[in-house]
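Hi,

Here is the structure I said I'd pass on. Have a look at it first, then read my notes below.

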Amino acid sequence: MSRAIASDKVVINNSVIPATVIFSIESGKILEIIENEILDPNDKILINYAVSIENYRNVSPLMILPGLVDSHVHLNEPGRTDWEGFATGTQSAASGGVTTVIDMPLNAIPPTTTLSNFYAKIDAAKGQTWCDVGFWGGLVPDNLDNLIPLINAGVRGFKGFLMDSGVDEFPMITPDYITQALSKVKGYNTMLMFHAEMEPLSNDAFDKDESINCCSHNHTTHNHSSNTASQIEELDLGLTRTTTLTNEQIKSLARSPILSAPLKRMKY
């Protein structure tokens, strides 16, 4: 069945113009956009697209704009639904114009680190989603063999921590794990992401330096940054790994599902 919506304020190609948008609720696709015109309910174009008068709305002076995508959302269900669950999280997103959210692999219990955990997440979402939902998978020390099954099942990529994540069920990974993970997913249309921090090799020198730990007005609770040699070496880890990406790897990133393909709507 086709429907249409119109307004004197429609955001199209960086402009705000009058327009009529015809779409299908069966395929979820926009069928045609008639720019600079608000069609009459009996217009032949609407008739040709089988849009009945009941299924045509002129919402002027309200604005019509493309739905937003939030790629960093924590829907902590199951396990920590009281923090934020599918019902409240996706309803809040929809009310603010966000039509697609991508759920992070923590802080639900279990986290999205194995296929069985992923299925538990999907089961928890059934009947509760108010917008489109996609999922990130997690990188933890013992799930290298789970990465390919998760990719094939539909996760959009993977996230890991190089320091304490803050929850026990999602432990940090190491640079060696990253090397193995990159080898494991080579050739697959996915991406690996990491929090921009690392567990320091040693805090001894930092802890002993009173000039760092105590500022001139005698506060001792500031969290000052440090440019110690060990931390610079840790930064170099990211720099050297970035500069060794091949052209094909960069092209693969550009073809990643989260960047280049629309998400399939969950039918729950």
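**Notes on the sheet and the salt bridges**

Lys159 sits opposite Met193 of strand S11. Before the rest: this is a predicted model, where local features need pLDDT of at least 70 and side-chain atom pairs count only at pLDDT 80 or more, while totals for chains, interfaces and linings use all residues. Residues are numbered from 1 along each chain as its sequence is written, and side-chain values use heavy atoms, with hydrogens and water left out.

Back to the sheet. It is an open one of three strands, in the order S9-S10-S11, with parallel pairing. S9 (137–139) and S11 (192–198) are at the edges with a single partner strand each, so one side of each has no neighbour in the sheet. From one strand to the next, the twist averages 25 degrees. (Strands are DSSP runs of E, at least two residues, and helices are runs of H or I, at least four, numbered from the N terminus; two strands pair if DSSP finds at least two bridges between them.)

S10 (residues 158–162) pairs with S9 over three bridges and with S11 over four.

How many of S10's five residues are buried? Five of the five are, where buried means under 20% relative accessible area, exposed over 50% and partly exposed in between (1.4 Å probe, protein chains only). One side carries Phe158, Gly160 and Leu162, and the other carries Lys159 and Phe161.

Helix H5 (residues 175–184) lies across S9, S10 and S11, running at about 165 degrees to S11. Contact here means heavy atoms within 4.5 Å; axes are lines fitted to C-alpha atoms, for helices over the stretch in contact, with angles from 0 to 180 degrees between N-to-C directions.

Now the charges. There are five salt bridges in the structure, each being a side-chain nitrogen of Lys or Arg within 4 Å of a carboxyl oxygen of Asp or Glu. One of them joins Lys184 and Asp145, with the closest N and O atoms 3.1 Å apart. Lys184 belongs to H5 and Asp145 to the loop between S9 and helix H4 (147–153), so the pair ties together parts 39 residues apart in sequence. Lys184 is partly exposed at 33% relative accessible area, whereas Asp145 is exposed at 62%. Another links Lys126 to Asp123, at 3.2 Å between the closest N and O atoms.

Cheers
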